[in-house]
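Open the model in your viewer and keep the sequence panel beside it. We will go from stop to stop, selecting a few residues each time.

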Amino acid sequence: MIQRVQSLYLLLAIFLITLATFNLSFYELSDQVYTAKDDLKMLFLLVSVNILCLIALFLFKNRKLQMKLIRFAIVSELIVIIRSLMLWILFQAQIYLMFIIFIFFIFIFLIMAYRGVRKDEDLVRSVDRIR
């Protein structure tokens with residue numbers, strides 16, 4: 001599980017998602033500070049990405065399903081980014097920079113984990129062709 005680099009990327013993504021969900025301020029609107037726990041849609045999206053990453057972490061023997069889960073987590077993370085942009089554009093909410101940085105790094109770690117799993121799958125397929 002932890003022997004592969006993509007498992008470390010998934011662990012880092014899980015750690016950052018957990019911090020972003022429960023410890024960071026998300027945005028400020030009308031002089032009131034909101035966290036992701038206060039916004040139910042954002043909470044659902046972040047918890048779903050976290051659960052998908054956690055399940056994908058333990059599915060290291062089933063690489064195809066792991067790739068599908070990571071892809072779905074990437075799409076969910078894109079929805080988080082789009083939702084944040086919509087809050088900023090439509091409501092002129094002041095989104096905190098630390099939250100944006102965390103979301104950006106979560107997205108990068110998910111892409112790197114996907115590339116690592118795909119690289120492993122390609123390696124296994126190439127070895128199967130040689131036999």
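**First stop: aromatic rings**

Select Tyr9, Phe104, Phe105 and Phe109: ring pairs join these residues into a cluster. Rings of Phe, Tyr and Trp (its six-membered ring) pair here if their centres lie within 6.5 Å; planes under 30 degrees apart count as stacked, over 60 as edge-to-face and the rest as tilted. By this rule there are six aromatic pairs.

Next, show phenylalanine 26 and phenylalanine 99. The ring centres of phenylalanine 26 and phenylalanine 99 are 4.4 Å apart and the planes meet at 55°, so this pair is tilted. Phenylalanine 26 sits in strand 1 (residues 25–29) and phenylalanine 99 in helix 4 (residues 97–130), so that the pair links parts of the chain 73 residues apart. Helices (H or I, at least four residues) and strands (E, at least two) are DSSP runs, numbered from the N terminus. Both phenylalanine 26 and phenylalanine 99 are buried. Buried means under 20% relative accessible area, exposed over 50%, and partly exposed in between (1.4 Å probe, protein chains only).

A word on the ground rules before moving on: this is a predicted model, in which local features need pLDDT of at least 70 and side-chain atom pairs count only at pLDDT 80 or more, while totals for chains, interfaces and linings use all residues. Residues are numbered from 1 along each chain as its sequence is written, and side-chain values use heavy atoms, with hydrogens and water left out.

**Zoom out: the whole chain**

Switch to a cartoon view. The protein has four helices and three strands, and along the sequence they follow the pattern α-β-β-α-α-β-α. Along the principal axes, the C-alpha atoms fill a box of roughly 65 × 25 × 20 Å. Of the 131 residues, 39% count as buried.

**The sheet and its hairpin**

In which order do the three strands form their open sheet? The order is 2-1-3, with antiparallel pairing. Strand 2 (32–35) and strand 3 (94–95) are the edge strands, each pairing on one side only. Two strands pair if DSSP finds at least two bridges between them; strand 1 and strand 2 are joined by four, in the antiparallel sense.

Now move to serine 30, in the loop between strand 1 and strand 2. The hairpin of these strands has two residues between them. Serine 30 is not a glycine, yet it has a positive phi of about 55°. With 70% relative accessibility, serine 30 is exposed.

Is glutamine 92 buried or exposed? Glutamine 92 is exposed, with a relative accessible area of 62%.

**A nonpolar patch**

Show the surface and colour Ile82, Leu85, Met86, Trp88, Ile89, Leu90 and Phe91. These residues form a nonpolar patch with about 750 Å² of accessible area together. Tryptophan 88, one of the patch residues, lies in helix 3 (residues 63–91). Patches are made of residues with over 30% relative accessible area and no salt bridge: like charges are joined within 9 Å, nonpolar side chains (Val, Leu, Ile, Met, Phe, Trp, Tyr) within 5 Å. A salt bridge is a side-chain nitrogen of Lys or Arg within 4 Å of a carboxyl oxygen of Asp or Glu. Accessible areas come from the Shrake-Rupley method with a 1.4 Å probe.

Go to arginine 4, in the segment before helix 1 (5–22). Arginine 4 is buried, at 18% relative accessibility. Its side chain makes a polar contact with the side chain of aspartate 120 at 3.1 Å. A polar contact is a pair of N or O atoms within 3.5 Å; within protein, one must be able to donate a hydrogen and the other to accept it, and residues adjacent in sequence count only if both atoms are side-chain atoms.

Then select phenylalanine 44 in helix 2 (residues 40–58), which is exposed at 60% relative accessibility. Draw a C-alpha to C-alpha distance from phenylalanine 44 to valine 80: they are 9.9 Å apart in space and 36 residues apart in sequence.

Finish at arginine 71 in helix 3, partly exposed at 38% relative accessibility. Arginine 71 and alanine 113 are 42 residues apart in sequence, with 9.9 Å from C-alpha to C-alpha.
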